[in-house]
Amino acid sequence: MTLRHSFWNTAGALGPAVLFLLAAPAFADDAATRAAIQRAVDAVYPALVRIHVVMEEGDNGRMQKSRATGSGTIISEDGYLLTNHHVAGRGTRLVCRLSDREEVDAELVGTDALSDLSVLKLDLANRRNPKAKLPVAKFGDSDKLKVGDT
């Protein structure tokens, strides 16, 4: 299986998701590159969530509800997650499906349309097991990267 096929299989399994790609030369379709990419996917996948959004907008004097879905990444053990403003920035009801398929309500903490970022907070008190640890994605240090790193 080629690297391209691996990517599409992973993307298909995740559905719409935030996925940090590691840039690699197109000719580097070798075992080491595939292993590096697989390690990155394995590290981030558990922290990805699918976000179901309900939005309400006024139209001709009537409130219209619409639904959308998007994705986000859990960034702290106390339930904060990062997503895009265009996903959740105008949401009135937010429900997140965790990687174990548990659904948890969330609230919008803050949003910035210019940078297209939103921060949500999961309602951990209403989880099946409120004390269960959340998987968390860690931010990398871009200052430590060099062109061509994988």
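Two strands count as paired if DSSP finds at least two bridges between them. Strands here are DSSP runs of E, at least two residues, and helices are runs of H or I, at least four, all numbered from the N terminus. Keep that in mind for Leu82, which stands opposite Val119 in β6.

Ground rules. This is a predicted model, so to speak with care: local features need pLDDT of at least 70, side-chain atom pairs count only at pLDDT 80 or more, and totals for chains, interfaces and linings use all residues. Residues are numbered from 1 along each chain as its sequence is written, and side-chain values use heavy atoms, with hydrogens and water left out.

Confidence next. pLDDT is the predictor's confidence in each residue, from 0 to 100. The protein chain averages 84, and 80% of the residues score at least 70. Residues 16–24 stay under 50. For that stretch the model has 20 contacts (heavy atoms within 4.5 Å) beyond four places in sequence.

Now the fold. Six strands form a closed barrel, in the order β1-β2-β3-β6-β5-β4, with antiparallel pairing. Look at β3, residues 80–83, and β6, residues 117–122: 4 bridges join them, antiparallel.

The largest nonpolar core has 19 residues. Such a core is a set of buried Ala, Val, Leu, Ile, Met, Phe, Trp, Tyr and Cys residues joined through side-chain atoms within 4.5 Å; buried means under 20% relative accessible area, with a 1.4 Å probe and protein chains only. β1 gives the largest share, 4 residues. Leu120 is among the residues with the most contacts inside the core. Leu120 touches Ile51, Leu81 and Cys96, among others.

Note on methods
Buried < 20%, exposed > 50% of the residue type's maximum accessible area, 1.4 Å probe, protein only.
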